Amino acid sequence: MNRKPILSERQALTTYLILTPLISLAVALFLPLLPEIIALLILLVISAMAILCTALAEGRQGVVELLKKIFQWRIRFKWYLVALLMPAGIILGSGVLAFLFEWSPAVRIHIPSSPQLIFNLFLVIIIAVLEELGWRGYALPKLLRYQSPLISALIIGIAAALLHVGLGLVADRPWLPTFLVPFGFSVIWTWLFIRTRGSLAMAMLFHFVIDYAPQFILDASLLIAQVVWAQAIVSLVVGLALILLFGTDLQRAPAKELAEANVTRH
C-alpha cells in the first residue's frame, strides 16, 4: 500500500526554496563554530533539505530516484568537454579581468603543491555533490514543470544567493558580488541541465571545475573581494550571452520534454 504524501510536490518545493537559504543564514549568523564547519553544515543543509522534501512528497522511492542521479554518468562525450572547458574558461576569463583591472600582475598557469591538490580534490568533490544534489538534482527539475527555464534559473539564483551570503559572512567575502555570483551561474547551469536532458552528473562536473580550477589560474595575491567580483562579472556576462543566444527560455522545447519525462517517471 502506498502511503499518502505528507506534502504535495509544489508544497515540498516551496518549502525547500524558502527554508534552505533561511536555515543556512541562521547557521552562519548564530552558530559559534569554525568557518570550515559552518560551510560544511550549510552544504549539508542544501542536500539534506532536498532529501527531506523529496521524502515528504514522494516517499522512499522518490529519495532513491534522487540519489541515483548522482551515479548516472552515461552521456555524450561532447557534454563532458562542455562541462570541463566552459567553467575553466570562466575562471580564465576571471583571471584576465583581474589583470585588466590591475588587480593581478599577470595571467599564468601555476601548480600548487601535491598535498594541497589532493586535499582540494576531495573537498571540491564533496562540495559539488552536496550542493548540486539540492539545486540541480531536486529543485531545478521540479521548477521546470511550472516555470520557464529562465524564471527557474532566477528563482534558484535568489535562493542560492541568499545562502552564499551566509557562506560569505563566515569567509569575509563582500556581500554584493557574493550575492550576484549565483545568478550568472544559475543561468549557465540551467542551460547545461536542459541541453544535457537533465544530467545531474554534468552539473556536478561543472561545479567541480569551477571550484577546482581557480587554484591553477587565479593569482594567490588576489584579495578575496577581487576574486569574487571577477567571477561575478564574468558569470553574469556568460549568463547574459546564453540568454541572447538561446532566448529567455534557454530552448523551451527540450525543457518541456525534460519536465514531461520527469512527470512520467514519477
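**View 1. Packing of helix 4 against helix 6 in the predicted model.** The axes of helix 4 and helix 6 lie 12 Å apart and form an angle of about 65 degrees. Their crossing is right-handed. On the side of helix 4, the contact is made by E132, R136, L140 and P141, which meet S186, W189, T190 and F193 of helix 6. By class, this contact comprises 4 nonpolar, 2 polar and 2 charged residues.

**View 2. Packing of helix 1 against helix 5.** Helix 1, spanning residues 9-30, packs on helix 5 at an angle of about 5 degrees, with an axis separation of 8 Å. Helix 1 is therefore roughly parallel to helix 5, since angles under 35 degrees are classed in this way. Helix 1 contributes L17, T20, P21, S24, L25, A28 and L29, and these residues meet I155, A159, L162, L163, V165, G166, L169 and V170 of helix 5. The contact contains 12 nonpolar and 3 polar residues, and no charged residues.

**View 3. The largest pocket and its lining.** The space in the largest pocket amounts to about 1,500 Å³. Its lining consists of 44 residues, and those nearest the pocket centre are L123, V124, I127, R173 and D211. The lining divides into 28 nonpolar, 10 polar and 6 charged residues.

**View 4. Helices that supply the lining of the largest pocket.** At least two lining residues come from each of helix 2 (35-68), helix 4 (114-143), helix 5 (149-170), helix 6 (175-195), helix 7 (200-212), helix 8 (214-217) and helix 9 (224-246). Helix 4 provides the largest share, with 11 residues.

Definitions and conventions
Residues numbered from 1 in each chain as written. Predicted model: local features only at pLDDT ≥ 70, side-chain atom pairs only at ≥ 80, totals over all residues. Heavy atoms only, no water. 1 Å grid on protein atoms, 1.4 Å probe; cavity = no way out; pocket = protein on both sides within 12 Å on 5 of 7 lines; lining within 4 Å. Points joined across faces, edges and corners; volume = space filled by probe spheres on them. Helix = DSSP H or I, 4+ residues; strand = E, 2+ residues; numbered from the N terminus. Nonpolar A, V, L, I, M, F, W, Y, C, P; charged D, E, K, R; others polar. Axes fitted to C-alpha atoms, helices over the stretch in contact; angles between N-to-C directions. Left-handed = near helix turned anticlockwise from the far one by under 90°. Contact = heavy atoms within 4.5 Å. Parallel < 35°, antiparallel > 145°, perpendicular 65-115°, else oblique.
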